[in-house]
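Me: Hi! I have a model open and would like to talk through its contacts and packing. Can you take a look with me?

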Amino acid sequence: MEKHIMGENGISYTLGEDGLYYPDLYLPEETEYPIGKYGMLRKTYLKDHRKGLYLELVLAGKLNEHLHQTDEECNQMMDRLVEQMKEVHGVTEELKMQDQMAWVGKMNNIRACAEEIALNKIVYR
């Protein structure tokens, strides 16, 4: 028996130790991007709730790129929303100098609201 054969479908097969031929299938190479908090949340969401899309991204070798892009989009949206909300709610450097605790409280509230919006619009879509 030959060690390697080419099937009619264009896939090569290798003879296993048990005497059966197994297809030579490989996942495409993926570029490694750094993944942050929002990328990891997206990965967990895809695994738990969107299995088809998750497998499609893995098999195409695009999961890491997708997670990195999601992380970047979330961080940009967060920055934009925080600045807009600070303006609307009058959170300024002057307030920070006059009443630090009020400034910290308002900033924490603004960040929490902005993060909730970013998660719902980007991560959990």
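Me: Which residues does Lys-37 touch, not counting residues up to four places away in sequence?

Reply: Lys-37 touches Asp-71 and Glu-115, where contact means heavy atoms within 4.5 Å. Keep in mind that this is a predicted model: local features need pLDDT of at least 70 and side-chain atom pairs count only at pLDDT 80 or more, while totals for chains, interfaces and linings use all residues. Residues are numbered from 1 along each chain as its sequence is written, and side-chain values use heavy atoms, with hydrogens and water left out.

Me: Is Lys-37 buried or exposed, or partly exposed?

Reply: Partly exposed, at 49% relative accessibility. The cut-offs are under 20% relative accessible area for buried, over 50% for exposed and partly exposed in between, with a 1.4 Å probe and protein chains only.

Me: And where is Lys-37 placed?

Reply: Lys-37 is in helix H1. Helices here are DSSP runs of H or I with at least four residues, numbered from the N terminus.

Me: What do the side chains of Glu-115 and Lys-37 form?

Reply: They meet in a salt bridge, 2.4 Å from N to O. The term asks for a side-chain nitrogen of Lys or Arg within 4 Å of a carboxyl oxygen of Asp or Glu. Glu-115 lies in helix H5 and Lys-37 in helix H1, so this pair ties together parts that are 78 residues apart in sequence.

Me: How many salt bridges does the structure hold?

Reply: Two. Lys-86 also forms one with Glu-83, and there the closest N and O atoms are 3.7 Å apart. Both of these residues lie in helix H3, three residues apart, or about one turn of the helix. Lys-86 counts as buried at 19% relative accessibility, whereas Glu-83 counts as partly exposed at 46%.

Me: New topic: packing. How many residues are in the largest nonpolar core?

Reply: That core has 17 residues, and those with the most contacts inside it are Tyr-38, Cys-74 and Ala-114. By nonpolar core I mean a set of buried Ala, Val, Leu, Ile, Met, Phe, Trp, Tyr and Cys residues joined through side-chain atoms within 4.5 Å. Helix H3 (63–89) and helix H5 (100–123) each supply at least two residues of this core. Its largest share, eight residues, comes from H5.

Me: What is Tyr-38 in contact with, leaving aside neighbours within four places in sequence?

Reply: Quite a list! Tyr-38 is in contact with Thr-70, Asp-71, Cys-74, Asn-75, Met-78, Glu-115, Leu-119 and Val-123.

Me: Which residues make the contact?

Reply: On the H1 side they are Arg-42, Lys-43, Leu-46, Lys-47, Asp-48 and His-49, and on the H2 side Lys-51, Leu-53, Tyr-54 and Leu-57.
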